[in-house]
Amino acid sequence: MKAAILIQGWYRRYMARLEMRRRYTWSIFQSIEYAGEQDQLQLSSFFSFMLDNFTHLNGSGPDLISQLLDPVVDPWLGRETCYELIPVAESYSGPRISFPLSVSHTNSLVNAFKEHQTLHARYALQLLWETKKLLKQMPNIVHMSTSYAKEITICGDLHGHLDDLLLIFYKNGLPSAETPYVFNGDFVDRGKQSTEVVLILFAYLLLYPNHMHLNRGNHEDHIMNLRYGFTKEVMQKYKTHGREILQLFQDVFSLLPIATVIDSKVLIVHGGISDQTDLDFLNSIERQKVHRTNIGPHYRRAVPRKRHRGLSRQDSGSSSSSSSSSSSSSLCSSRTPSCLSPRPCSSPPPPTVPFSVDGLQVPFLDSLASLPPPSPPRVEREWKQMVDVLWSDPKPQDGCTPNTFRGGGCYYGPDVTQRLLRHHGYQLLIRSHECKQEGYEICHGGNVITIFSASNYYEEGSNRGAYVKLGQDLLPRFYQYQVSRTTRKLTLTQRVRAAEGSALRALQEKLFSHRSELLTGFLPFDHNNTGFVSVSEWAQVLETVLRLDLPWRTLRPHLARLAPDGSVEYLSCFDYMGPGLHLPQVTPNLAETLVRYRTDLELIFNIIDKDHSGLISLDEFRHTWRLFSGHLGVALDDGAIDALARSIDFNKDGSIDFTEFLEAFRVVHKLDKDH
């Protein structure tokens with residue numbers, strides 16, 4: 001008996017430790033993901049401001065700012081039958097489709113994608129054109145009824161996980177009049193088969209327009225696609241007509257409906273709501289005009305011409321210093337486009353420090369707070385309403401506050417949910433937007449359901465996917481799954497260990513990329529330069545600099561060594577990581593900056609590289625870096641930038657392969673380098 005009690009106690013302690021590891025692993029993944037989205041929104045706000053206020057650098061050279069965000073408008077693409085000009089070679093062995101689509105067409109498309117075939121550019125363009133025509137006829141808020149089918153299936157984020165989509169169809173049935181679906185946004189980005197996922201969804205939308213519905217997510221957005229992979233994927237799969245296909249994807253994404261309502265009782269939106277959400281107003285807006293939800297509305301005509309060449313003394317005096325890691329509270333000014341709720345926020349504006357690039361007063365991101373909004377009130381309101389619906393997250397406490405963790409949307413409490421449901425006579429809100437370990441979560445007293453359909457989102461075995469079915473009783477029934485070829489063979493401990501290792505690796509990269517800031521933070525606690533601080537001081541510095549809201553004391557054994565007296569050797573935080581390649585022309589200061597902001601730079605370069613060739617000119621490289629260094633608040637010598645530009649023009653043709661260049665500044669694990 002005593003032996004049984006001892007074994008039981010040991011097992012409970014073992015499972016408790018395993019659960020603790022599982023929870024902090026999840027926290028690391030989620031915190032780093034949201035920090036990346038926050039950086040994305042801050043960078044997007046920088047783009048928006050530059051687009052609104054400048055046309056030319058020094059009155060000469062390429063019109064770099066207008067290139068950043070304006071989409072390519074190809075006259076050839078404006079013709080509805082443009083795809084007919086694209087020949088299909090006899091050697092093409094992929095699926096051939098014609099319109100109107102039939103069940104055999106969609107079946108052949110699904111089967112071809114299972115075999116890793118690519119749909120020909122002609123058919124892809126035609127499919128997108130037909131989808132665009134259909135979506136133009138659809139309202140912003142689509143209404144469905146369970147009276148026509150026994151159940152309606154609602155799926156959450158797929159993020160390019162084709163295997164998850166195919167598993168859903170296998171378990172639940174292909175879309176049809178008897179098996180209607182709602183897919184709640186974020187079909188693309190992050191995963192490697194986003195093109196296949198979204199083309200399948202569009203095909204079924206055309207086949208069953210009354211039984212297949214697609215809501216827009218925050219990743220159905222041009223700038224998000226540039227950063228998180230969809231743009232790159234399309235250009236790799238369609239090397240000849242990729243630009244035209246991308247342009248049509250942008251048009252189609254902007255036409256996707258915002259919400260779906262089932263039986264006038266269940267509201268389905270991607271992110272959620274705010275205390276200012278007005279569904280009647282949302283139903284009246286021209287949704288296709290909101291191409292980018294992570295950048296505020298901009299109207300260059302509204303900007304006085306004198307501001308094109310620089311800011312006035314009053315404006316420049318109120319600009320402020322910032323970096324991508326600046327406090328997210330700066331996003332909450334009631335006058336900045338990054339404030340994603342129309343109500344005023346309590347955060348005071350940061351101190352002001354102007355930055356000059358060749359005589360131009362280039363504002364930092366936070367200086368947006370000091371500028372009056374250039375947009376007409378209705379357009380500003382339309383954009384804010386869209387952002388709240390696509391970016392917001394629920395919270396357990398009452399009230400509505402800016403979502404500073406993501407950097408966009410808001411946190412809405414049970415009272416906000418209850419108020420909106422009661423006002424419209426609804427009984428349930430279904431949303432997605434957040435990865436959940438079990439694939440779904442119920443909160444706000446059963447009034448809010450989060451559904452997420454991409455399993456193994458962060459790492460193999462990290463989470464299940466799920467979908468939810470509603471019958472005529474409107475009672476939710478959840479179905480979980482996990483696509484895996486290897487996870488089933490692993491024990492629970494092995495799965496936790498694999499996910500934990502991946503999460504800690506990502507966190508170590510984050511520490512390395514903020515090395516200078518962290519070392520500066522440790523100095524006040526290490527007066528004698530011993531290299532040691534207390535555990536509490538170490539944890540305090542990491543949280544102050546990184547703002548990831550993680551259990552640093554629990555994570556300490558995985559990140560830094562302890563001295564015999566119990567103090568932390570803080571330099572050991574950086575022992576595990578290093579830059580991918582050493583370039584002798586790059587100073588340590590510049591190298592660390594490039595390591596830290598390589599993702600943002602890659603996004604800017606991708607925008608400039610209109611033909612997605614991977615090459616940009618030396619002048620474009622110099623101008624981009626000067627503008628971006630202004631945004632970062634990093635003082636770098638122009639001579640160093642020029643020397644760097646010349647050194648990476650390997651074949652001396654005046655162009656830079658920026659993909660190869662940025663790869664040199666990817667943070668890598670030292671064990672990987674040794675191998």
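## Glu-233 and helix α8

Glu-233 is buried, its relative accessible area being 6%. The structure is a predicted model. The residue belongs to helix α8, which covers residues 230-237. A polar atom of the Glu-233 side chain lies 3.1 Å from the backbone nitrogen of Ser-194. Beyond residues up to four places away in sequence, Glu-233 touches Gly-191, Lys-192, Gln-193, Ser-194, Thr-195 and Glu-196.

## The five-stranded sheet

Five strands make up an open sheet with mixed pairing, in the order β4-β3-β2-β15-β16. The edges are formed by β4 (212-214) and β16 (476-481); each has a single partner strand, so one side of each is left without a neighbour in the sheet. From one strand to the next, the twist averages 20 degrees.

In soluble globular proteins, nonpolar side chains tend to be buried together. The largest nonpolar core here has 60 residues, and Leu-119, Phe-183 and Phe-249 are those with the most contacts inside it. Two or more residues each come from α3 (103-114), α4 (121-136), α5 (162-172), β3, α6, β4, α8 and α9 (242-255). Helix α6 gives the most, with 11 residues.

Leu-119 is in contact with Tyr-92, Pro-95, Ile-97, Leu-109, Phe-113, Ala-124, Leu-127, Leu-199 and Tyr-238, leaving aside neighbours within four places in sequence. Another core lies apart from the largest one and has 35 residues, among them Tyr-24, Phe-452, Tyr-570 and Cys-573.

## Aromatic pairs

The count of aromatic pairs comes to 15. One of them, Phe-230 with Phe-253, is tilted, with 5.9 Å centre to centre and 40 degrees between the planes. This pair links distant parts of the chain, since Phe-230 is in helix α8 and Phe-253 in helix α9, 23 residues apart. Phe-230 is buried at a relative accessible area of 0%, and Phe-253 is buried at 2%.

Phe-452 and Tyr-457 have ring centres 5.0 Å apart and planes at 75 degrees, so their pair is edge-to-face. Phe-452 counts as buried at 1% relative accessibility, and Tyr-457 counts as buried at 11%. Elsewhere, one aromatic cluster is formed by Phe-169, Tyr-181, Phe-183 and Tyr-204.

## Leu-511 in helix α14

Leu-511 is found in helix α14, which covers residues 492-513. With 0% relative accessibility, Leu-511 counts as buried. Apart from neighbours within four places in sequence, the residues in contact with Leu-511 are Leu-518, Leu-542, Leu-546, Leu-559, Cys-573 and Phe-574. Phe-574 is 63 residues from Leu-511 in sequence, while their C-alpha atoms are 7.0 Å apart in space.

How values were computed
Residues numbered from 1 in each chain as written. Predicted model: local features only at pLDDT ≥ 70, side-chain atom pairs only at ≥ 80, totals over all residues. Heavy atoms only, no water. Helix = DSSP H or I, 4+ residues; strand = E, 2+ residues; numbered from the N terminus. Buried < 20%, exposed > 50% of the residue type's maximum accessible area, 1.4 Å probe, protein only. Contact = heavy atoms within 4.5 Å. Pairing = 2+ DSSP bridges. Axes fitted to C-alpha atoms, helices over the stretch in contact; angles between N-to-C directions. Polar contact = N/O pair within 3.5 Å; in protein donor to acceptor, adjacent residues only side chain to side chain. Core = buried A, V, L, I, M, F, W, Y, C linked by side-chain atoms within 4.5 Å. Phe/Tyr/Trp six-rings, centres within 6.5 Å; stacked < 30°, edge-to-face > 60°.
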